[in-house]
Amino acid sequence: MYTIEQVAGIVKGKLQAADNSAVIEHLLLDSRKLVFPANTLFFSIKGPRRDGHQYLQELVDKGVTNFVIHEAATVQLPTTVNILVVKDTQVALQALAAYHRKQFNYPVIGITGSNGKTIVKEWLNQLLAAKYAIVRSPKSYNSQIGVPLSVWQMSTQYRLGIFEAGISQSGEMEKLEKIIQPEIGIFTNVGDAHSEGFLNSRQKVKEKLQLFKHAKTLIYCSDYPEINEGVADLVQRLRNDTDNKINLFSWSIKVDATLKIVSLLKDEQHTYITALYHNEEVSLKIPFTDDAAMENAINCWCLLLHLNIDSNYIEQQMAQLAPVAMRLELKKGINNCSIINDSYSADISSFKIALDFLAQQQQHSRKTVILSDILESGKTDKQLYETVVKLLLQKNISRFISIGAQLYRQRSLFNGIPSLEVHHYETMDAFKKDFYNLSFHNETILLKGARIFAFEKIVTLLEQKMHQTVLEINLTALQHNLKQYQQILQPHTKIMAMVKAFSYGSGSYEIANFLQFQKIDYLAVAYADEGVELRKAGISLPIMVMNAELTTFHLLTQFQLEPALYSFEILQAFNQFLETENYNNFPVHIELETGMNRLGFLTADAGAVALAIVNSNCKVQSVFSHLAASEDPKQDAFTKQQAWLFGEACETLKLQLGYSFIKHISNTAGISRHPNLQLDMVRLGIGMYGIDANPQLNLKETTTLKTTIAQIKHLRAGESVSYGHTAIVKRDSVIATVRLGYADGYNRRFSNGIAQMLIKNKPAATIGVVCMDMTMLDITDMPGIKEGDEVIVFGPQLSVKQLAQWAGTIPYEIMSSISQRVKRVYYEE
């Protein structure tokens, strides 16, 4: 803990203090994640689109009294708060974290590399938790602002720190090294991830190795030439520094090393590894068979050997390594519940992150947390669970269900709180016996449990039973894509997110709720009933309805939905409804026809439209049109003509209305191809999901459609597959039937070898006609496939754009055709 006056001295800022002695315990960068207002210091960091200074008053209203602001910011805050003025708020954050790190002398492990950082960190925590009280990076907090927040967790209750560091351009690692100051370094590997900001892989390795320039030991795989060269360069630079000698701990499959791998044997579930270490044979097994897991496990093994951990302990713990859950999942549950599944780990940092995700969900007012004992936290049980109580109250949790002996002993801390319904169970069996008496209905439920409690049993009880075809939506990738577009927008340009057609098949309120949390400016739906569902799910953003109908006018006013008016007839009808219901200045949007020839007022009628609006009970919120071919360079002249017509009509409307309004014409493709047409707002649709014709945008596909193999059949040459007796196998064949058909949205055009799916990352072609609920794949030349195996229909590994090409259509149709009977799972990495 520090006083605000001490912080001012550390970051060399100018303090305007109402209370010099105010104690700082928590750092905050995101106003939406406030937990403990009284002891929080908010850093107003300016990003590409959002400026933390915009949220100062909001935080004052919530009880925050300590702020770090940029010296150029012009803000007015009450004299009752403490304001720390600095040249650069991010630099100040990093300086405070670096100072805090220096207060502790226990070992710190720093991890970097292209891939595997988070897995190695989490596996080391699994392996060493019984021997050390460990503080580590939450999730993947490895950026310029994530690392300071990670290191800020350090305190005297811990005995080992494990922090990961990631960079995307030159110069960044030098800053992170000053914050982490690792004694032991692990360089996981080198790959293509985050290569855009570097000249080549050698430069990237050299930059990453800056993390270890003051480390005492570096663990790395010497089978990567770039890492070998980088390590040699690092050693050469350190050679003349008598106070800074680094011990190299290498491992290799190919050449001599500190740990020389001499054999790798695999069965269906395990890899058996034998190596030479100090001229003695050592061996172990891990419960994984893929190369990435093997590499990550060996990096962990090297650290355990370096720490002189007993060989029997190493063998036992490595054999029990568990998969690392890299994501929070949101699923539909029984009785109209929503389930957030984070049932793979339980520590206070990841619990806070999970509570933040729970707080984002607005579909139910009632929120329940099911939590297991938090093991090996480094705190006393009383201290630990007092923090849990504070978190539950701050996040307005309605019901708390605890499972475990620790929590059961501390149950008095939770009892007697009027706003919190509590249930305590000493064992999982006790909870399961009482499950049906707990009555889960119309609520969002967070499951947060240590692995040994096997919370997957609770997931099975709560999860809505649906067939095994699943559409997964990666919210982290969705956020990444939003940022890609935000970075190329003009600072004043707003974003209207298109969530029509069930958000392109991804799910309406779940996506809308995520977008609302991301502070998107507007939403657009096709029909009023879609908007009604969003309002009922707690969405408060402005919503434009693109196809207003006479029969739904009452819904527009009841649920504050804003219609797009495209003809004099519908404008007149809506105005008559407003007059009858006594509404004035109701917000509407005017659609202009500039060349799509679908819906919209003619631009030549702009003056008449303005006159009709002036004499109505409507007020224009925005005027918009549709670009017909913004993605096609051959049609740029036509796009310019559309833009000119739109601009002229908007000027006429503005002049005759006597007030300004939002103008928008650009769609997903137009945002990057026609930056001059971004205007006041853009409409972002399928680009959010990673689909855009512009290859220069670094987008990630967000959706993965997957199913499973129901049955495998062995056919003889001459036998047929599926309806029609037309798909005749010409040789003895192996056919897999998967749980997906045209009723799920898998088009019949994919029949007879037109399309492929991926099984174990290998393509398998369709055979025969796609059925209503099933599709058959030819797996004749794919040994090792078994019933129940996962099948990827589309996703990052097999782009939905490829499926669209096979079907002779566009990705929009493929995505929006996925049936609602297909379960949607939303997750954050």
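Trainee: What should the 14 residues of helix α21 (residues 568-581) span at 1.5 Å a residue, and how far apart are its end C-alpha atoms?

Mentor: The expected span of a helix is 1.5 Å times one less than its number of residues. For α21 that gives 20 Å, and the end C-alpha atoms are 20 Å apart, which agrees. This is a predicted model, where local features need pLDDT of at least 70, side-chain atom pairs count only at pLDDT 80 or more, and totals for chains, interfaces and linings use all residues. Residues are numbered from 1 along each chain as its sequence is written, and side-chain values use heavy atoms, leaving out hydrogens and water.

Trainee: Which residues of α21 are buried?

Mentor: Buried means under 20% relative accessible area, exposed over 50%, and partly exposed in between (1.4 Å probe, protein chains only). In α21, Ile570, Leu571, Phe574, Asn575, Phe577 and Leu578 are buried. They cover an arc of only 160° around the axis, so they lie on the same side of α21; the arc is that of the directions from the helix axis to the C-beta atoms. Glu569, Gln572 and Thr580 are exposed on the face turned away from that side.

Trainee: Which side chains of β27 lie on each side?

Mentor: In a regular strand the side chains alternate between the two faces of the sheet. In β27, Glu562 and Ala564 are on one side, Pro563 and Leu565 on the other, and all are buried.

Trainee: How many bridges join β27 to β28?

Mentor: Strands pair if DSSP finds at least two bridges between them. Two bridges join β27 to β28, and these strands run parallel. Ala564 stands opposite His589 in β28.

Conventions: Helices (H or I, at least four residues) and strands (E, at least two) are DSSP runs, numbered from the N terminus.
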